[in-house]
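Walk through this structure one packing unit at a time. Begin with a pair of helices, then turn to the sheets and to the confidence scores.

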Amino acid sequence: MADKGIDKTEQLPSLEPRWLESSNDEDISHKWIRMPDCDEFVGARRSKHTLVAYKDSILVFGGDNGNKMLNDLLRFDVKEKSWTTAFCNGAPPAPRYHHSAVVYNDSMFIFGGYTGDIHSNSNLANKNDLHEYKITSGQWTEWKFKGRMPVARSAHGAAVYDNKLWIFAGYDGNARLNDMWTISLLPEENRVWEEILQTGSCPPTCCNFPVAVLRESMFVFSGQSGAKITNSQLFGTMRVPPNCMPPVVVYLDSAVPEAFQLVLNYIYTDCVDPYKSLFGTMRVPPNCMPPVVVYLDSAVPEAFQLVLNYIYTDCVDPYKSVKDPRGTKMMLTMLDVYRLAIQFRMPRLECLCDEYLRAIINLNNVLSALSHADELPSIHAHCLRYVIKENNLATIVDSPQFETLDRKLIVNIVRAHLDPSSVKSKITVDNHGTSLEQDLKSLLMSQELSDIELTLDGVTIPAHKAVLAARCAYFEAMFRSFMPAPGEKIKIQIGDSVPSLQSFHSLLAYIYFGQVRTIYIATIWMRYFRVQDTKAPTLSQVLHISTLRVPSGRLFHAASVRGDCMYVFGGAVENNARSGSMHRFKVVENASCVNLA
């Protein structure tokens, strides 16, 4: 019976959670908000799948759509509130349901489950395989093991604790289980399963139950045991906490959490990395993607390494690789480099090799060079002219190497000695090839072979991940944190600061080929994007009072940028004060800068 003191027309608020359509209203505690549905062309409707959270994403794997088992991977972006098919590389696990999924560091691990063709009721079986999905690169990898393994199972429980994966109970196709297994997820550890000897009131054999880890304990709630489904059984396997003392609480009322976190990072690691807060972890394996294997049967490894050095640095420096850069071994290596340069159509490298070989050929190695220069007419002719010189011929003919020389080469030497005009004159190598800066400029301008798209002010800018990561710490941190999928566009922004399209194009020109167009603007953004070049001009070198625009907002809060700007401004004020004239200050309201006129 209702209390007389309460108005019968007043309805008490319901405590039951309910679904709400997405809106722009502020979040209200304890109320459900319905997210956008996943379209059928992105992912099918399903059940018996798994769901895990990673940063601002939700990952859904596998399941059953009523007709067949699934093995696709869906990604829900919590911030953008959108569904996509996650980028995958490599062989994914076989279609399955009633498997388990956990997240450890930057990877998702899938264990076990029920596989086969449910439509034709064939090849149905439980699995005990373990697959790793590297979220940052999209690479699937199946783990291989030594020794004993857990029996194949489905509908089991899985959790991560102490850098290990823990598997408990489940169903093996004939009976329910209550065994427990664990394996280390650390990359340097051996991949060996360990069965745990359980004590105490062990849960009964069961399946279709959840597990959770809290305060050094694994909790198992209810599930299906025999013919019974209960909701009254809660078991916990207890471990002693590593620190039984309560934590010391220190209140820092004036500290900003993000700033204090960076201070703690400096205390523990002796460095401050603001990019980690932007992009997350930097601990990403260097080889997330499988390498592309190219077979060069005729290439000598040492020679090909020198060619790679030239490709990346625009120079060949054989003096760094051997103790005797003018010896026979280095000469033969440079002949191989010469051949590769011709094969790869690199005229500038051909010219460098030709000049170097002409400089190091001497009495000790000329016969070796002549024997290996059949495919190099320029060097072959140079060696013949060197041998038949009046001062060299007798010494070379009397050398032990001449006795083992090929008969054809001896004939060529004799003919060249009898008729020096038969030896072709010096063959010149064209030096019309392009430099590294010219090649990278052409790469940027042509937009060919681009593998990433940058967006700024609605404009799409094709670029290349390798160049950006090698020359700019901002992009290196971004790509180490997560590798964008093909076709994924990256928005350029640091905090609330967005560079203008003109200054960012100038920054890209400097990153690719060392040219700065709008130098005082680009130099500011070079510092913010941390371009990898010690020769980059400083602000104090390029700023002038006639062109000074003092950046405001978050950009001007940086002490280094503000210091350079104010240094130039202070010097101008002092000089003008001495001369009796002062510049006028024009403050532009609601603008991003202050003009000094």
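In this predicted model, helix H4 brings Met330, Met331, Met334, Leu335, Val337, Tyr338, Ala341 and Ile342 to the contact with H5. From H5 come Leu349, Glu350, Cys353, Asp354, Tyr356, Leu357 and Ile360. By class, the residues of this contact are 13 nonpolar, no polar and two charged.

Now the geometry. Two packed helices are described by the angle between their axes and the distance between the axes. H4 spans residues 328-343 and H5 spans residues 347-360. Their packing angle is about 155°, and the axes lie 9 Å apart. Angles over 145 degrees count as roughly antiparallel, so H4 and H5 are roughly antiparallel to each other. The crossing of H4 past H5 is left-handed.

Next, the sheets. Strands of a sheet pair through backbone hydrogen bonds, either parallel or antiparallel.

Strand E2 covers residues 57-64, and strand E3 covers residues 69-77. Seven bridges join E2 to E3, and the two run antiparallel. Take Gly63 as an example: its bridge partner in E3 is Leu70.

A second case shows another pairing pattern. Three strands form an open sheet in the order E18-E17-E19, and here the pairing is mixed. Strand E18 (459-463) and strand E19 (489-491) are the edge strands, each pairing on one side only. The twist in this sheet averages 35° from one strand to the next.

Which sense does the pairing of E17 with E19 take? It is parallel, over three bridges, with E17 at residues 452-456. Leu454 has Ile490 in E19 as its bridge partner.

Finally, confidence. The chain averages a pLDDT of 74, and 68% of the residues score at least 70. Residues 281-287 have pLDDT below 50, and this stretch makes 15 contacts in the model beyond near neighbours in sequence. Residues 581-597 also fall below 50. That stretch has 31 contacts beyond near neighbours in sequence.

How values were computed. Residues numbered from 1 in each chain as written. Predicted model: local features only at pLDDT ≥ 70, side-chain atom pairs only at ≥ 80, totals over all residues. Heavy atoms only, no water. Pairing = 2+ DSSP bridges. Helix = DSSP H or I, 4+ residues; strand = E, 2+ residues; numbered from the N terminus. Axes fitted to C-alpha atoms, helices over the stretch in contact; angles between N-to-C directions. Parallel < 35°, antiparallel > 145°, perpendicular 65-115°, else oblique. Left-handed = near helix turned anticlockwise from the far one by under 90°. Contact = heavy atoms within 4.5 Å. Nonpolar A, V, L, I, M, F, W, Y, C, P; charged D, E, K, R; others polar. pLDDT = per-residue confidence, 0-100.
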